[in-house]
Amino acid sequence: MTDDPQDRFLDALLHRAFSEGRADDDHRVAAALARIDRRSAWPRRFVSRALPTLAAAGLAAVALIFATGPATLSAQEVVERSMARAALLRDRAYDVRIETRFGREVEGELFVRGNERIVLHFETPRGSLWAGYDGEEAWVVPRRPRAPVLVSSDPARIESWLAERGPAHPFLQVDALLERLRNYDLQDLSSGQHLVVLGQRNATSEERGPDTLELTARAGTGEIESLTLKWERRGPLRRVELRLRDEAPRADGFYGHATHHDPGRRVLRR
Amino acid sequence: MGMKSRDLFEILVREHAAMLSVFLRSAVRDPGLADDLFQETVVAAWKALDRYDRDRPFGRWLRGIAARQVMAARRKQSNVPLALGPNDIEALEGLCHTVEHGPGDDLDERLELLRECVSRLPAEGREAIHARYHEALRGQVLAARLRLSTEATRKRLQRAREQLARCFHGKLADYQQELA
């Protein structure tokens, strides 16, 4: 694609002619009008007062964490315990929230079975995007219903396929995120029923990794309750948050692509 | 602003939403960012509705706001993937204006001309356009589908789009001449 206006324009018209339609417009307009209606319904005074209140609540929570005494486990031990726990072949579902550098917020879901099965789901105005690995094959079900499902025996392909779809849909692997903490400066912020470790980048950390990575886990088991990654100035992302939603068992087929698209959809194997 | 303004605004926005999307998608590289800017534009237009001059075409006014949103995004974040500079965005508005005055009641009807042009492309160009825009393939997957290198794929698509631009704008010009 060149930067010639005519070429860019034609590219956009072709997308419109072959991939988009009035339903896409309806989604976009509805989202924008919902914002307008929300703003109209909220008196300005409420918004300006509510924000400092929320900020104060956040500060109080941070103060409480720091006021609590040191935990028995070291920060490194908390990470190791959570890694071991995450590797158990149990099904877990996490709610995912992503904030891009520009302020776009994307919500999704991450389903895992240990470190061996994974399904990522993002619901967007352009449709549902599913990606996963079922232990044998990596796959992506693109948002456009006419686009073929992409399948590969190389698990690494999933990351590049998602990268092609923009920064708002990163490939998230719990074990890889925890692994990163090994090269971060760790601080134990544990309190009561929760183990909390804050990791901060140092000279040995991965170049594109987040500036801070916060792990919260259950005190008894090390089961991950949340992971929060933050980037201060670099890269396309500002924040990624995973929060444990449930530990309900899922059928084996859930981790394959066929569960997540119409049976007649074309499948391309690479 | 009363309920009537809100309803009228919604009707006008819906009428011009397709061309606004095309405008923004042309101006920035990331489709997600184009969606964000669509929202920002509509919200900004609603706030500025009191200042809208009813003698001006609404679509053009809306895209003027969109152009300012694009530049504002660029100022806020220097790595915003902007495809076009300020002068190019003006040229883009000219292209939108030309298409808006083509045959048909809305953009989707006018795009029938473009679909006709695609059907007249040589087979290899038609295959490339179909795989890229209908099947939404890209990158290496698209290249593998076309049995070409990534660079050859890029060139084939580029050539096909150039042919389509000539055909499409030729059809629009013919229509204008018929009207005259």
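1. A quick definition to start: two strands pair if DSSP finds at least two bridges between them. Keep that in mind while looking at this model, which is a predicted one.

2. On one side of the story is strand E3 of chain A, residues 117-124, which pairs with E4(A) in the antiparallel sense over 7 bridges. The link from E3(A) to E4(A) is a hairpin of 2 residues. To find your way, look for A:His121, whose bridge partner in E4(A) is A:Trp130.

3. Next comes strand E5 of chain A, residues 138-141, and E4(A) pairs with this strand too, antiparallel over 4 bridges. Here A:Trp130 stands opposite A:Val141 of E5(A). The two strands form a hairpin with 4 residues between them. In that turn, A:Gly135 has a positive phi of about 100°.

4. Now for the contact between the chains. Chain A gives 41 residues to the contact and chain B gives 46. On the side of chain A that touches chain B, helix H1 (5-18) and helix H2 (22-41) of chain A each supply at least two residues.

5. What classes of residue make up the side of chain A that touches chain B? There are 21 nonpolar residues, 14 charged ones and 6 polar ones on that side.

Definitions and conventions: Residues are numbered from 1 along each chain as its sequence is written. Chains are lettered from A and ligands numbered from 1 in the order in which they are written. This is a predicted model: local features need pLDDT of at least 70, side-chain atom pairs count only at pLDDT 80 or more; totals for chains, interfaces and linings use all residues. Two residues are in contact if their C-beta atoms, placed from the backbone, lie within 7 Å. Ala, Val, Leu, Ile, Met, Phe, Trp, Tyr, Cys and Pro count as nonpolar, Asp, Glu, Lys and Arg as charged, and the others, Gly among them, as polar.
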